[in-house]
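Hi everyone, thanks for coming. Please have a look at the structure on the screen, and then I'll walk you through a few parts of it.

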Amino acid sequence: MDLIERPRDLELVQRACDILLKIPGVFSVGLGSKLVNGVSTGKLAFSILVLEKKPIATLAPHEIIPAEIEGLPTDVLESRPPHLIADEEQEDFDPGIARDVAEYRPILGGIQIRGARSIVPNGAHTFGTLGGFALTTGKDPGQRVLLTNHHVLDDRDGNLHGPSCTGCTKGDAVGNPNSGSQIATVLRGNDGDEVDAAIAILDKGVQFQRDIVKDDAPFPHREAIGESRPLETTDRDSTVHKRGMRSGITFGIVGSVSAFTGPVVGGRPRSNQIRIDLPRKVEMAAAITFETANRIFVPTADFITANVQVNDVVFIQGTTSGRFRITQVVDAQRLELDAKSTLTPGTSSLGLFVTPPLFALKGDSGSLLLDANGRPVGLVWAAFTERFIGNAWASRIERVEALLHIKIDSASAVGDTQTAFAPNSNRPAGDALRAAPIATGDVAPSGSLRALVEDDLMEAPRGRQIHQLYFAHQQEVRELIDSNREVALVWHRQGGPGMIQSVLDAARSRTTAIPTAIRGRSWAERVQSILAVFARFGSSRLREDIVRFGGEIEMLGGMTYPRFLQSLKA
């Protein structure tokens, strides 16, 4: 049982919760890999978090967790409930790790953000992270919005202030009101059982890039945000990363999916979550000598071979316990630690764990959770920094999109600067409401993009045929994507929405070329895969037109819009 399809995975977890949450100390249940001595076996199991692991001999019968539920083994791990992680201006949560308070222009994902009323009861301002950008769907399609957490933009009572009476007044300002920098206004949010998320409409003229800051990448330290995708049970143990305004770029592993967690400190219990754990570079029981200057000496360790780095974290368990940031790797057996108080010299037998930097700190709320290919899979909202199991938590991105009526806006290349236009409900969804790229040379004139393209197509017989094809097949294609799982899978895996966006961007700028390749695969190969699945499941008329016009779509890679129009007249 490796892949459990959604929503059956969630149903399975819910049934397990009916049994396990009655047991004292259990606070989280999800689907992950079973661990043995801290190492993943790769075997699917119910991953169960408890406040304290106790010997079975000390437990009453009703307190014992079953070894197996519905044919899956159980795996019991010790941790603590997560905390919301908006950053309070007056608190220094983790000395030595600086906030990124820089002003970024154009704006992009991974930077500081807050709402005008983002103030906690003690009067402190709270900050979070701008995760990325999206397009609204549903009743107000095509509006450019930024995405973050609900608790990043709400007020001290947990209320979000969006527009009133359908636009009579705007929502709260978003940006950094302390410095007079406003970039958006609150539109709506959801702080329910599955997500902690909010969106804000970008102000007219705001320039943005659909990238995130990537501190470990070569200049310009950016990563393009890819197409969103749901995590599957087969994604357990996979590497994920995020960029937050407090801790920068950090990496973790998927500890469990479809997880229930509660009660959340400062929030509410949530279901269908992603648990993020820290991988262990070192895990051992050892005699640890605490030396002066907050150094530890571990004669049986080899920190150099284990690639231990400054800012990695030491977790010590036993008579002396705690977690400490590494400030210096002195040698293969010695580390210097950043301790809040001086550690008492002496030697003890203790548990020692060394992990990469903590995944999320206060201020990182709202960060996009990305897979190894830069595709958004979640939205980070909580953490518990004292444990490497359950170090951070994220809402599933497909639930964020569904509940907020948005679609993540992806980019095919780094540095594609866009400019937000003012929302206009009288314009067709998805055309003039979308942003225009900033580029040298001619830019598409103002007005409805759809009308402009229609006028251009009508000037050539071949263009008129393409125009007719759009109206002949748009409904069938949309229904195939929405109702046929195999079509939808190919469409999203090949980056169909991003390819459409690339065509629209090229039509707007008139100088920007459609990419020849997207994430290592050529435009033509992606088009061929998409057209093949449409031909397989579509009508005979759709198949005939794919044969007639498919080659032209394959050849769009590398073309600018004027060159495409010229090809229609050839």
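**A helix and some rings**

Let's start with helix H8, residues 523-537. Its 15 residues, at 1.5 Å a residue, should span 21 Å, and the end C-alpha atoms are 22 Å apart, which agrees. That expected span is 1.5 Å times one less than the number of residues. Helices here are DSSP runs of H or I with at least four residues, strands are E runs of at least two, and both are numbered from the N terminus.

A quick note: this is a predicted model, where local features need pLDDT of at least 70, side-chain atom pairs count only at pLDDT 80 or more, and totals for chains, interfaces and linings use all residues. Residues are numbered from 1 along each chain as its sequence is written, and side-chain values use heavy atoms, leaving out hydrogens and water.

Which residues of H8 are buried? They are Trp523, Arg526, Val527, Ile530, Leu531, Val533 and Phe534; buried means under 20% relative accessible area, exposed over 50%, partly exposed in between, with a 1.4 Å probe and protein chains only. Seen down the axis, these buried residues fall within an arc of 160°, so they line one face of H8. The arc is taken from the directions from the helix axis to the C-beta atoms.

Now, charges over rings: NZ of Lys or CZ of Arg must be within 6 Å of the ring centre and within 35 degrees of the ring normal. Arginine 114 lies over the face of phenylalanine 127, 5.6 Å from the ring centre. Arginine 270 lies over tryptophan 381's face, at 4.7 Å.
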